[in-house]
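Here is a short report for a reader who is new to this structure. Please look over the sequence and the 3D view, then read on.

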Amino acid sequence: MSTDQRDGGRAGEALGPTVPRLLVGIQLHRFREAARITPEQAAYEIRASRSKISRMENGLVRFKERDVTDLLTLYGVTDEPTRSTLVTLTRQANTPGWWSKYGDIMADWFEAYLGLETAASVIRTFELQFVHGLFQTEDYARAVTMLGHTSAPADEIERRVSLRLKRQDLLNGPDPPQVWSVIDEGALRRPVGGAAVMRAQLDHLVEMAGLRHVTIQVMPFSRGGHAAAGGSFTVLRFSEPEVPDVVYIEQLTSALYLDKHEDVDHYLEVMNHLSTEALTPASSARFVAEMIRAT
Amino acid sequence: MTDVSASQGAPDPAGTGIDTTVPHSARIWNYWLGGKDNYAVDREAGDQYKEIFPGIAVVARTSRGFLTRAVRYLAGEAGIRQFLDIGTGLPTADNTHQVAQAVAPESRIVYVDNDPLVLAHARALLTSSPEGSCDYLDADIRNPAAILDTAASLLDFTRPIALMLMGIMGHFTDDEAYPIVSALQAGLPSGSYFALYDGADTNEAFNQAQEGYNASGAVPYYLRSPERFRRFFEGLELVEPGVVPLVQWRPDPGTEQAEIYSYGGMGRKP
């Protein structure tokens, strides 16, 4: 039994390749350890390097179906249902996600995030500076994009904005994830794109907060210092019991993905502190409504 | 959606009250159920417990199964549309409102807990169908009058209500528990239902594991004899088959039969 809100897995296409890739990797690792086979021995079997085995087991690369079946044979996995499940997952892992056509404007490290976001069942975020990408209006998204890409031509800016809006389809799909966001008051006060854009953004936020699968909590200035000394971060949860939570921390030119127990524990603890310290969802809605009234 | 506090005036908790240095009952339960909302301290305590009493994971699953069948019965055959669920715990697969609203989408649920972590999760993740409602009440069960008072502003007390105490009364000694339960039952209208389960003291390993847990600094939980469970239902009409091991309470065809160390039942207020 999982602790998630939702039991049903999503169809392979909607899920994208990321979680199948993680699942294949986790199971290959488990079978290899159980068979007491070293990464070197496994690498020799499929004429690859030791680091390729490690990247496969961490779900970081595409798999060749032949490599997966050869490794399963080497690990003594002969059970036909198990083998065929893994082959199916391998095929899903190689299906391009909806975002693949934006490859030209997207860094690899961000592409991985889109895969995780698309597959997650619960997305918890803390936002210090900006409203989260899933909640941005087109004008706000354009203003944020222009801040980050000052020298980009107009058509590239528009493609970036369109990618961001396309991401939001997730919230309108048939089986959306639960998005649970704590937003620092600073992100709500900063008039990105100007006062009119910001006001429309706050209106949009109130509308989003009314969705059953969206929770918005404001961390007001009046709370003083709070637990997230480090800045914005996201915790992604997946309905598959085998797949651990992933913490995502975006930097200017790269991103961190953490999935080790000790890291996830720490970030989950900070997120829990933030969620209990912030205004409740009902009080947050009143808080934002009051901000709108005052502008 | 309403957040109300029966203990303080302010709707927002001032401190977080999250302690990650001692095991926490909702988080350890989440660990036994295979969830991901637990920390190292909970996993260690949970593993120690399992070493002494390996059946605990089955106990955890069994009790969730009972909750599901009980709520389905209440919303179905008993026709109940209002639920007062005290001691909510962290969200899991089949939460009270999901089971009730799957039968009757207009069901209204009041979740009550005094744990800030549980309340934050409930407000974010235990959200109602558009037809019904979920409210979240920050209150301590040791003050039943305050719970009833606040619940009266959220539920219609002229119509039957199902009071659910699922795995919570074990946190109290008999001297505390019986008066709390009678006070809550007394405040409900005629035709209301009461459902409860807790762990029983009928297995030596279970008793031993629980003693170890209670010595760990966690909020203690006491196992009760089956006879002492029946006292919670005095004055009520017991729903068949009465107060029994959970697996024997209206089992589904696939219900696991292995575990007989948690007891529960359901009664109707005449």
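## Backbone exceptions

A:Arg36 is exposed, since its relative accessible area is 76%, over the 50% cut-off. This is a predicted model. A:Arg36 sits in the loop between α2 and α3 (39-45) of chain A. Its phi is positive, about 55°, although A:Arg36 is not a glycine.

A:Arg47 is another such residue. Its phi is positive too, at about 50°, and A:Arg47 is not a glycine either. A:Arg47 belongs to the loop between α3 and α4 (50-57) of chain A. With a relative accessible area of 66%, A:Arg47 counts as exposed. Most residues other than glycine have a negative phi, and most peptide bonds are trans.

The peptide bond from B:Glu240 to B:Pro241 is cis, with omega near 5°. B:Pro241 is placed in the loop between β7 (237-238) and β8 (244-245) of chain B.

## Helix pairs in chain A

Two packed helices are described by the angle between their axes and the distance between the axes. The table gives both values for two pairs.

| Helix pair | Axes come within | Crossing angle |
|---|---|---|
| α2 (residues 18-34) and α7 (residues 108-119) of chain A | 8 Å | roughly 95° |
| α5 (residues 65-74) and α6 (residues 80-93) of chain A | 10 Å | roughly 155° |

Take α2(A) and α7(A), which cross at roughly 95°. That angle makes α2(A) roughly perpendicular to α7(A). Which residues make the contact? From α2(A) come A:Thr18, A:Val19 and A:Leu22. From α7(A) come A:Ala112, A:Gly115, A:Leu116 and A:Ala119. By class, the contact of α2(A) with α7(A) has five nonpolar residues, two polar and no charged.

Now take α5(A) and α6(A), whose axes cross at roughly 155°. Because of that angle, α5(A) is roughly antiparallel to α6(A). The crossing of α5(A) and α6(A) is right-handed. On the α5(A) side, the contact uses A:Glu65, A:Val68, A:Thr69, A:Leu72 and A:Thr73. They meet A:Arg83, A:Leu86, A:Val87, A:Thr90 and A:Arg91 of α6(A). The contact of α5(A) with α6(A) divides into four nonpolar, three polar and three charged residues.

## Buried faces in chain A

Helix α8 (residues 138-148) of chain A has buried residues A:Tyr140, A:Ala141, A:Ala143, A:Val144 and A:Thr145. What do the buried residues of α8(A) pack against? They pack against α9 (154-167), α11 (185-189) and α12 (195-209) of chain A. An α-helix has 3.6 residues a turn, so residues three or four places apart point the same way.

Helix α14 (residues 281-294) of chain A has 14 residues. From its first C-alpha to its last, α14(A) reaches 20 Å, close to the 20 Å expected at 1.5 Å a residue. In α14(A), the buried residues are A:Pro281, A:Ala282, A:Ser283, A:Ser284, A:Val288, A:Met291 and A:Ile292.

## A histidine in contact with both chains

B:His121 is part of helix α5 (residues 116-125) of chain B. Is B:His121 buried or exposed? B:His121 counts as buried because its relative accessibility is 1%, under the 20% cut-off. Leave aside the neighbours of B:His121 within four places in sequence. In chain A, B:His121 is then in contact with A:Arg124, A:Trp180 and A:Asn272. In chain B, B:His121 is in contact with B:Asp37, B:Leu90, B:Pro91 and B:Leu126.

Terms used. Residues are numbered from 1 along each chain as its sequence is written. Chains are lettered from A and ligands numbered from 1 in the order in which they are written. This is a predicted model: local features need pLDDT of at least 70, side-chain atom pairs count only at pLDDT 80 or more; totals for chains, interfaces and linings use all residues. Side-chain values use heavy atoms; hydrogens and water are left out. Helices (H or I, at least four residues) and strands (E, at least two) are DSSP runs, numbered from the N terminus. The expected span of a helix is 1.5 Å times one less than its number of residues. Buried means under 20% relative accessible area, exposed over 50%, partly exposed in between (1.4 Å probe, protein chains only). Axes are lines fitted to C-alpha atoms, for helices over the stretch in contact, and angles run from 0 to 180 degrees between N-to-C directions. Angles under 35 degrees count as roughly parallel, over 145 as roughly antiparallel, 65 to 115 as roughly perpendicular and the rest as oblique. Contact means heavy atoms within 4.5 Å. Ala, Val, Leu, Ile, Met, Phe, Trp, Tyr, Cys and Pro count as nonpolar, Asp, Glu, Lys and Arg as charged, and the others, Gly among them, as polar. A crossing is left-handed if the near helix is turned anticlockwise from the far one by less than a right angle, and right-handed if clockwise.
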